[in-house]
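Have a look at the structure below. We'll walk through a few of its features together.

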Amino acid sequence: MRCTKCRGQEACLEVRRHNAAFCEACFLEFFRDQVARAIERHKMFRRDEPVLVAVSGGKDSLALWDVLLDLGYDATGFYIGLGIPGYSEPSREKCEAFAAQRGARLIVTDLESEYGLGIAATAQRTMRTPCSACGLSKRYLFNKVAQEHGFRVVATGHNLDDEAATLFGNVLRWQTGYLGRQAPVLAEEDGFIRKVKPLYRLAEREMAAYCVLRGIDYIVDECPMSKGAKSLLFKDVLNQLEAVSPGTKQSFLFGFLEKAQPLFEEHEEVELRPCGQCGQPTTAELCAFCRLRAEVAQPKRRRGRGGKAARAPRDGTPEPATAASALPLVSPES
Ligand code: Q46
Ligand code: ZN
């Protein structure tokens, strides 16, 4: 098959939802165009604005960092050591190697040594799911570390498959709070920095292809805590639909963003104040992260399955797509 763009070279990748097949050079151009389009269409950040890129060592986040650098943005990586044995070390090494190769700046924070909150141990001691503790900690640190280093925007590597699976899960349970906050951009407000997802127009397999073509060495293994996650099941169902009807995921997600998401946005005024411990914005006396630290320091066995409906976290994006916490066990941070 010939490349449908240049019509000269042999195609190396078919993108069925676009009814296209690309050669290497045209695929890379397509990839960059999709990212540039997402950034411009949603005014994610300006050309001269420094961006903090949340990196995990996986294909999505390293592809994102790479394409932003390639497009000429001032992109700094931010890696959080989660304290997951056998996974955190190699994933950190991938990020460090990428930064060294590209001469890019990488900020590293470690949940275990700096905050006493390694994910595996925290989950055991608090009876939360690992992904619940992880999601809460990541949202908190993205905000705090970005502010400490003078960034006003954090970019994450959520792709089309992640976003479609998250949407599917939220629709199945009519999690209206989460639906109202599922967007490519969450604006800066009340002490929370802007959060953006420049890869939302590109599918997972395109990330892998991009990394291979660009020579990016990423950690292939999924986080071991994602085993049994509902989001993997949702991805599987959507992949089956996509195989029969290419473009399903994209029209599901893009249709939602265009036609339905604004209907779920909540405009309720929430009173925020600085956390008594760390100063980050919260509705309570202590923020959820500081409460988690206190809980780990003095472990009390408790189950958070209350009768309250889940609210979308004010301090972050909807639950990560690979997380097993699509059904939050605790009321998310206010
Ligand atoms: S890293 Fe964290 Fe994911 Fe691992 S513990 Fe769960 S949420 S699965 S994006
Ligand atoms: Zn706090």
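What follows is a short tour of a metal site, a sheet and a surface patch. Keep in mind that this is a predicted model.

Let's start with the zinc ion (ligand 2). Its protein donors are the SG atoms of C275, C278, C287 and C290, and they sit 2.2 to 2.3 Å from the ion. Along the sequence, these donor residues follow the spacing C-x2-C-x8-C-x2-C. C275 belongs to the loop between β9 (273-274) and β10 (281-282), while C290 is part of helix α12 (residues 288-297), so this pair ties together parts that are 15 residues apart in sequence. Both C275 and C290 are buried.

What is the geometry of the site? For four tetrahedral donors, the ideal angle at a metal is 109.5 degrees.

Next comes the sheet. It is an open one with six strands in the order β5-β4-β3-β6-β8-β7, and its pairing is mixed. β5 and β7 are the edge strands, each pairing on one side only. Further in, β3 and β4 run in the parallel sense and pair over five bridges. If you look along that pair, you'll find L52 opposite T76 in β4.

Here are some of those strands:

| Strand | Residues |
|---|---|
| β3 | 51-55 |
| β4 | 75-81 |
| β5 | 106-110 |
| β7 | 185-186 |

Finally, check out the surface. L233, V237 and L241 make up a nonpolar patch there, with about 240 Å² of accessible area together. L233 is in helix α10 (residues 230-244). Is L233 buried or partly exposed? It counts as partly exposed because its relative accessibility is 48%.

Methods
Residues are numbered from 1 along each chain as its sequence is written. Chains are lettered from A and ligands numbered from 1 in the order in which they are written. This is a predicted model: local features need pLDDT of at least 70, side-chain atom pairs count only at pLDDT 80 or more; totals for chains, interfaces and linings use all residues. Side-chain values use heavy atoms; hydrogens and water are left out. Patches are made of residues with over 30% relative accessible area and no salt bridge: like charges are joined within 9 Å, nonpolar side chains (Val, Leu, Ile, Met, Phe, Trp, Tyr) within 5 Å. Accessible areas come from the Shrake-Rupley method with a 1.4 Å probe; for residues, only the protein chains shown count as cover. A salt bridge is a side-chain nitrogen of Lys or Arg within 4 Å of a carboxyl oxygen of Asp or Glu. Helices (H or I, at least four residues) and strands (E, at least two) are DSSP runs, numbered from the N terminus. Buried means under 20% relative accessible area, exposed over 50%, partly exposed in between (1.4 Å probe, protein chains only). Donors are N, O and S atoms within 2.8 Å of the metal (3.2 Å for Na, K and Ca); water is not among the atoms, so sites may look incomplete. Two strands pair if DSSP finds at least two bridges between them.
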